[in-house]
Amino acid sequence: MLIKPRTKSINYLILESLSYRMNLSNEDKRRYQNQIKGFQGELLFDQFINHPQQTGFIVNDLFLSSKDTNYQMDSILVLNKHLFIYEVKNYTGEYCYENDSLFSKNGYNLQNPVDQVNRKKFYIHNWLLNNGYSHKVEAHVVFINPDFYIYNLPPTNAILFAGQLERHFKGLVKRNPSVQSQTKKLALALAHQHNGNYRPDNLPFYGFDQLKKGIFCPKCFSFEHTDTRQKRICTMCGHTEKIVDAIYRSVLEFQMLFPEIPVSVSVIYEWCGGKYTKPRIRRVLSQKMTKYSNGPMTYYKN
């Protein structure tokens, strides 16, 4: 059962938004493309772990924070006595394993992903102990792309390739035909630990005045559109949505990019490119959010 569904990470969403509202550096463009590729790999992995016969509880895209470290968990599967961590990598090409590292044909070195996932394993293990659980923790790096190969890789249970996943999950179902209610309680407790306010510290610098204003299409990201009385229609791909939904979607994007700026009618009017009147924006904010007043200032919160 899926406890926490797959969503784009905050890093992905911010880079996606900025890529259509400003000129990203080559390095940030590369990071954005890596986010796209990584998310595509996670969706491929979901096809294996989300099959109808799968027992246990699945928690995806979990951000956990300790005092000085943040841990991103691609997928966690909770069973009766075991908890499985999956770190999904959508790498392509041929690599060679040497001295506990991966090297490409061109000599580029990849940080050992097994070391990365093991740090997460140790954190989860300690969290379980501190919260009264005795589950055994297993961690796997999943190389989801079939166009990926590692030469000289010593035998290890920590790495799963795409061709091994079906057998892996069938084996888990066979050993765990049913799950206990306590198992769901643990999965919900983990999901509750998700840090929804996490923001990466290596984001590109941007400010409100730098960014292109307007509402882009959620399908093709074009700003070009035409409106009927209640609908907004993308003139590039034909996607149609209610104007009220388009405005509110843009409000959520604004909050993601500028969590420190209060949401007001004037700010959202400018953020939406002045395409819709302030009374209309006020109605949307009043319908979707809670109104607050601070002296002469009126602002809105979810």
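Student: Which residues of helix α4 are buried?

Tutor: Please keep in mind that this is a predicted model. A residue counts as buried when its relative accessible area is under 20%. In helix α4, which spans residues 165–175, the buried residues are Leu165, His168, Phe169, Gly171, Leu172 and Val173.

Student: What covers the buried residues of α4?

Tutor: The cover includes α2 (26–49) together with the strands β3, β4, β8 and β10 (159–161).

Student: How many of the residues of β8 are buried?

Tutor: Six of the eight residues of β8 are buried, so this strand is largely enclosed by the rest of the structure.

Student: Which way do β4 and β8 run, parallel or antiparallel?

Tutor: To read a strand pair, one looks at the direction of the two strands and at the bridges that join them. β4 and β8 run parallel and are joined by eight bridges. Within this pair, Lys89 stands opposite Phe143 in β8. β8 is also joined to β10, again in parallel, by three bridges. There, Val141 stands opposite Ile159 in β10.

Student: What is the order of the strands in the open sheet of four strands?

Tutor: The order is β7-β6-β5-β9, and the pairing is mixed. β7 (109–110) and β9 are the edge strands, each pairing on one side only. The partner of β9 is strand β5 (residues 93–98), and these two pair in the parallel sense over four bridges. Gly93 stands opposite Phe148 in β9, and Tyr95 stands opposite Ile150 in β9.

Student: How should I read a nonpolar core, and how many residues does the largest one have?

Tutor: In soluble globular proteins, nonpolar side chains tend to be buried together. In this model, the largest nonpolar core has 32 residues, and Ile76, Leu83, Ile85, Ile124 and Leu190 are those with the most contacts inside it. Two or more residues come from each of β2 (57–65), β3 (70–78), β4 (82–89), α3 (113–130), β8 (136–143), β9 (148–151) and α5 (181–192). The most is given by α3, with six residues.

Student: What does Ile76 touch, not counting residues up to four places away in sequence?

Tutor: With those residues left out, Ile76 touches Phe57, Ile58, Val59, Leu62, Leu83, Phe84, Ile85, Ile124 and Leu190. Apart from this core lies another, of 28 residues, which include Ile14, Tyr248, Phe258 and Ile268.

Student: Is Ile281 buried or exposed?

Tutor: Ile281, whose place is in helix α8, has a relative accessible area of 0% and is therefore buried. Residues up to four places away in sequence aside, Ile281 touches Ile247, Val265, Ile268, Tyr269 and Tyr276. Ile281 and Ile268 are 13 residues apart along the chain, and their C-alpha atoms are separated by 7.4 Å.

Student: At what angle do the axes of α6 and α8 cross?

Tutor: The axes of helix α6 (residues 243–257) and helix α8 (residues 278–288) come within 10 Å and cross at roughly 75°. Angles of 65 to 115 degrees count as roughly perpendicular, which means that α6 is roughly perpendicular to α8. At their contact, Ile243, Val244, Asp245, Ile247, Tyr248 and Val251 in α6 meet Arg280, Ile281, Val284, Leu285, Gln287 and Lys288 in α8. These residues divide into eight nonpolar, one polar and three charged.

Student: Which strands does α6 lie across?

Tutor: α6 lies across β11, β12 and β13, and runs at about 85° to β13. These strands form an open sheet of three, in the order β11-β12-β13, with antiparallel pairing. β11 (225–227) and β13 (240–242) stand at the edges with a single partner strand each, so one side of each is left without a neighbour in the sheet. On average, neighbouring strands of this sheet are turned by 25° against each other, direction ignored.

Student: How many bridges pair β11 with β12?

Tutor: β11 pairs with strand β12 (residues 231–234) over three bridges, in the antiparallel sense. Thr226 stands opposite Ile233 in β12.

Technical notes
Residues are numbered from 1 along each chain as its sequence is written. This is a predicted model: local features need pLDDT of at least 70, side-chain atom pairs count only at pLDDT 80 or more; totals for chains, interfaces and linings use all residues. Side-chain values use heavy atoms; hydrogens and water are left out. Axes are lines fitted to C-alpha atoms, for helices over the stretch in contact, and angles run from 0 to 180 degrees between N-to-C directions. Angles under 35 degrees count as roughly parallel, over 145 as roughly antiparallel, 65 to 115 as roughly perpendicular and the rest as oblique. Contact means heavy atoms within 4.5 Å. Ala, Val, Leu, Ile, Met, Phe, Trp, Tyr, Cys and Pro count as nonpolar, Asp, Glu, Lys and Arg as charged, and the others, Gly among them, as polar. Two strands pair if DSSP finds at least two bridges between them. A nonpolar core is a set of buried Ala, Val, Leu, Ile, Met, Phe, Trp, Tyr and Cys residues joined through side-chain atoms within 4.5 Å. Buried means under 20% relative accessible area, exposed over 50%, partly exposed in between (1.4 Å probe, protein chains only).
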